[in-house]
Amino acid sequence: MAVNGALAFDGVAFSYGNVAALRDVSFEVAAGERVALLGRNGAGKSSVVRLVTGVLHPDEGTVWVGDWDTAGRAPEELAWRVGSVFQHADQQLFARTLREDVSFGPRALGFPAPEVRRRTDEALDALDLHAHAAQHPYDLSPALRKLAALAGALALEPTVLVLDEPTAGLDRAGRGRVADAVREHADRGAALLVVTHDLAFAAETLQRGIVLDRGRLACDEPLDRLLTSAERLKPLGLVPPPVAALSVALDLPGRPVRERDAADTLARVAGGRSRS
Amino acid sequence: MRILALEEVTFWYPATATPALESVSLEVGSGEVVALVGRGGAGASTLLLIAAGLAPRVTGGRLAGSVTRGARAGIVLPTPWTQLSGMAFTVWDEVAFGPANLGWPEHEITRHVDRALERLEITPLASRDPVTLSGGELQRVIVAGILAMDPDLVLLDEPTAELDPEGARAVWRLVRSLAGEGKAVILATSDVDALPGVADRIIWLDQGSVRALGEPSLLAEDAMCEAGLGTTVAGLWRAAGLGAPYPLTVVDAAQRWR
């Protein structure tokens, strides 16, 4: 297969014993692209994350990270290209301070100290975590631990960033920090694949939606189109997020799904109405 | 019937000078759903731990003021995967772990476990090994395990964080049905858009103190929108420069728009 994308699944199947998790899944994510991976609980989304990171390997088909076939490659080798945050990010933290934890990746890859320091500082900056750098990860709230795990993934400066529910349990400010950090990272050319149930976050931050349904690829299209279609979302276990639902209910022109766009459109239409 | 009363409760975690919760008073009665809303670190999780009797007993630290609990409490933590017993090889046995430890007779355990699995719509998972479950499935198993112990006070910390939108809606319906049976529910959630149909009362916590409390319409007020804690629809209305009062939900907005 010719590999154009930073990440590609080609006919991938995977089972846990006799429980099939993924069947014949194919998609590509280009460098700089921001993709949401959606679907019900148990649809196979986290399995995709584990396959990208090399924690699991496909039973059939191939997972490509750039021009690397992940078959036969261990997670620590793939870490040169892949950064990830697991769903239960707590389980990813282990060092005595947050700074040590964030710097673990670049240190393990063997970068010299000044480079480790630069990457760690930039990652802490990106998530506004400097104030907590000297704290023990377990003295932080679950929300900050989540941001800490993401900082650790960013410090690898990966070409592929895969995140499993990065906003679960975060307040609006926390979600905003995650959104800014991952958008910036994608703008620098990384491919971004985000497993999320937070469709409001997806609408604000991501461009394209891939939906899994019982282990199969059910849909792959621009998010703004998908999120405004309640009839299509329903059989996939999804519900339009509030902004998309409002756009449809008020029949706003262009059906915006991002808050800023919807507020601008709302103001414009309301202004037009009051003049007429 | 009064289920829980906090009077002027202040709480400090071990080795901290600033209290996580300060002078909080609150009464919750049976059949009531109270939602705690605030930024991360505002004290919602701490309040739930106190209501559950876990703080300071398990967390350590110091509590001033008084806590009166007239009933048995069950809590679902924001990290539900840490609540697995680790001693069950099937989901059914996992959900039965709590009831079995309460020393109930066999048939009572069976009745409550089966009912809890049904209510969380996870009966088909009954024979699965908990370690093979997805994050969202696991969260529902933990909620079922708490409900199977039939607590009168149900405490839920971010109960939908791991759930798909359909699963989240099912949990919010379940919360209403628990209240309908006379249970008291206190929950903390960052999904404020779900609250208008779920909560009877909203408590806005800010840096450990109660900043405001009232009906869900509070979530459309200027100050809450300003703090990023209003509903999405209210926030949008405000951002568009349309006048207050802001609509709370999509349905309210659509009525207003006509």
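**Domain and chain interfaces in a predicted two-chain model**

Across the interface of domain 1 and domain 2 of chain B, zero salt bridges are found.

Contact between them involves twelve residues of domain 1 of chain B and 13 residues of domain 2 of chain B. Together the two domains of chain B bury about 1100 Å², and carbon and sulfur atoms account for 67% of that area. The domain 1 side of the boundary in chain B consists of eight nonpolar, two polar and two charged residues.

Chain A also has a domain assignment, with domain 1 at residues 7–240 and domain 2 at residues 241–276. In chain A the C-alpha centres of the two domains lie 31 Å apart. Eleven residues of domain 1 of chain A and nine residues of domain 2 of chain A take part in the contact. The area buried between these domains of chain A is about 850 Å², with 61% of it on carbon and sulfur atoms. Three residues, Glu204(A), Thr228(A) and Pro240(A), supply 55% of the area that domain 1 of chain A buries against domain 2 of chain A, more than any other three residues.

Between the domains of chain A the count is one salt bridge. A salt bridge joins the side chains of Arg172(A) and Glu259(A), with an N to O distance of 3.6 Å. Two residue pairs (both at pLDDT 80 or more) are in polar contact between domain 1 and domain 2 of chain A. The elements giving two or more residues to the domain 1 side are α7 (199–205) and α8 (223–227) of chain A. Of these elements, α7(A) gives the most, with four residues. The residues on this side of domain 1 of chain A divide into seven nonpolar, one polar and three charged.

The interface between the chains comes next. Here 36 residues of chain A are in contact with 34 residues of chain B. The area buried between chain A and chain B is about 3100 Å², and 64% of it comes from carbon and sulfur atoms. One salt bridge is found across this interface: the side chains of Glu166(B) and Arg40(A) meet at 3.0 Å, N to O. Ten residue pairs, both members at pLDDT 80 or more, are in polar contact between the chains. On the side of chain A that touches chain B, the elements that give two or more residues are α6 (172–187), α10 (242–249) and α11 (259–275) of chain A. The element that gives the most to this side is α11(A), with nine residues. By class, the side of chain A that touches chain B has 18 nonpolar, nine polar and nine charged residues.

Several local features complete the picture. In chain B, Arg119(B) belongs to helix α3, residues 106–119. Arg119(B) counts as buried because its relative accessible area is 18%, under the 20% cut-off. Apart from neighbours within four places in sequence, Arg119(B) is in contact with Leu174(B), Ser177(B), Leu178(B) and Glu181(B).

Glu121(B) lies in the loop between α3 and α4 (135–147) of chain B. The phi of Glu121(B) is near 55 degrees, a positive value in a residue other than glycine. Asp128(A), in the loop between α4 (113–126) and α5 (142–154) of chain A, has a phi near 60 degrees, again positive in a residue other than glycine. Glu121(B) is exposed, with 53% relative accessibility, and Asp128(A) is likewise exposed, at 53% relative accessibility.

Chain B also contains cis peptide bonds. One joins Ala55(B) and Pro56(B), with omega about 5 degrees, and Pro56(B) is in the loop between α1 (44–52) and β4 (62–69) of chain B. Another joins Ala244(B) and Pro245(B), with omega about -5 degrees. Pro245(B) is in the loop between α7 (232–239) and α8 (250–257) of chain B.

Note on methods. Residues numbered from 1 in each chain as written. Chains lettered and ligands numbered in written order. Predicted model: local features only at pLDDT ≥ 70, side-chain atom pairs only at ≥ 80, totals over all residues. Heavy atoms only, no water. Contact = heavy atoms within 4.5 Å. Buried area = accessible area lost by both parts, 1.4 Å probe. Salt bridge = Lys/Arg side-chain N within 4 Å of Asp/Glu carboxyl O. Polar contact = N/O pair within 3.5 Å; in protein donor to acceptor, adjacent residues only side chain to side chain. Nonpolar A, V, L, I, M, F, W, Y, C, P; charged D, E, K, R; others polar. Domains from an automatic or database assignment. Buried < 20%, exposed > 50% of the residue type's maximum accessible area, 1.4 Å probe, protein only.
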